[in-house]
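Here is a short tour for a first look. Keep the sequence and the model side by side as you read.

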Amino acid sequence: AIKELVLKTAIEDTKHGIQLLIRNEEEGGSSGKFVTDYFATTATDTVIVNTTNDENNISNKTCSIREAINYLNAKNVKKATIDEEISLISGTSTSLNTQIFTLKSLLALEEAKIPNNLTKIETLQKEIQLLVDLQNTGINQLKTQIDDTKTLLRNENAKQTPSQTLVKQYENKITYLEDLLSKKEQQKTDKEKELADYRSVGLYGCSTDSASSIDTIYLSDSDSPYELIKPISINLSLTITPKSNSDLIGSTEEVVPLESKTQKKTRLIIKPKGKFPLFIVDDGVQSTMSSVSINNVDLVGCGSESCAINGGIILNKENLSVISSIVSNGYAISAGGAIYNTFGAILTVNQAVFKLNNSFTGAAIYSEGNSISVSNSLFTENTTNDNKYIIDINNYKNNIDVPSIINSTITKNKG
């Protein structure tokens, strides 16, 4: 029970991880639930999307973009839980240390009261002792106890007349501790295998293809677009990119060849199947910033004046990079025909084409703050109403960052 209490506390403790609001797509989803948890250190994986259909948590052999994101979130939660269990087994749990410290502080406060509550003091003392005992049976602590006991045994045997009683006690204690250590190490191995098995089996048709430096979603080649039935919330750091290297634009290629290359080979496209934006990039936590990168994948908006109020294709509240992508046909009623970048968020655009986007202002991009960098990109055939801006950077909050637009072409726009 104490172990479960510690684990539950660790999961809820934002000091040891990042709060995630995993939007499990309640409307239309099969589970009808929201998953709320956090992840600490996380194994990062690659997941291959193999269907252009926007499946929502269906247990079959195909993996959609939405399901890939949900799987990565679930995997990170699973990893966080196993991380904490392994830290308890190893005796390195910071949440356990925090709980012991908290209980000792409460005990000191109660003991200082006049009169104090003896029943409460006794309860706190028992809880502290249970947690300390749990901590002392961690792998690290057991190794220390074994070493210390072996030292005592050597010292005793070094005496001219060693106490056979003490020698026997030390030997028995070492045997007991080594047996306990072996069981603990097996528990740790079992937990590590549990995570490996989870990643191999996967969820909703999605599973880990390989390890990666960042969670990565690979889109399989397709002549037809990836169509979304509703917006997708991206609430973790990840990269979305083609699986095939032939779809990638080289870092030395120019923007104009980026467009012309679409005539030689069909590029991967994500588009909505209705009047809504594609992505809402938001991890739901103000104290952290997720990093999301969309590379060599074209984003097509709904092309209607009612895609969104702000951010016709993407509403960004995190650190977003759009690289070597064509972003087109986004329409926002107010601002950010293609991308709306909220205050405090970061937007990086490189080797991209923004075309045929429309809004009242910021036909291509609207940013509430100055944390925006655009390079080697083309903005063409975008339209604003009432002669407003194609790229609108609103720095009214005096953000100390300086916006950057370099080596880019802005031509044939209306506004």
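## Ser 64 and its surroundings

Setting aside neighbours within four places in sequence, Ser 64 is in contact with Val 49, Thr 51, Asn 53, Asp 54, Glu 55 and Cys 206. Keep in mind that this is a predicted model. Ser 64 sits in the loop between strand 3 (45–49) and helix 2 (65–90).

Its relative accessibility is 0%, so Ser 64 counts as buried. One of its contacts can be described more closely. A polar atom of the Ser 64 side chain lies 2.7 Å from the backbone oxygen of Glu 55.

Strands of a sheet pair through backbone hydrogen bonds, in a parallel or an antiparallel way. Within this sheet, strand 12 pairs with strand 16 (residues 326–328) in the parallel sense, over two bridges. Val 300 has Ser 328 of strand 16 as its bridge partner.

Is Ser 304 buried or exposed? Its relative accessibility is 14%, and buried means under 20%, so Ser 304 counts as buried. Leaving out neighbours within four places in sequence, Ser 304 is in contact with Lys 275 and Tyr 331.

## Strand 11 and its two partners

Strand 11 covers residues 291–295. It is mostly covered, with four of its five residues buried.

Strand 11 pairs with strand 8 (residues 238–242) in the parallel sense, over three bridges. Here Ile 240 stands opposite Ile 294 of strand 11. Strand 11 also pairs with strand 15 (residues 319–323), again in the parallel sense, over five bridges. In that pairing, Val 292 has Leu 320 of strand 15 as its bridge partner.

## Points to revisit

Ser 64 counts as buried at 0% relative accessibility, and Ser 304 counts as buried at 14%.

Technical notes: Residues are numbered from 1 along each chain as its sequence is written. This is a predicted model: local features need pLDDT of at least 70, side-chain atom pairs count only at pLDDT 80 or more; totals for chains, interfaces and linings use all residues. Side-chain values use heavy atoms; hydrogens and water are left out. Buried means under 20% relative accessible area, exposed over 50%, partly exposed in between (1.4 Å probe, protein chains only). Contact means heavy atoms within 4.5 Å. Two strands pair if DSSP finds at least two bridges between them. A polar contact is a pair of N or O atoms within 3.5 Å; within protein, one must be able to donate a hydrogen and the other to accept it, and residues adjacent in sequence count only if both atoms are side-chain atoms.
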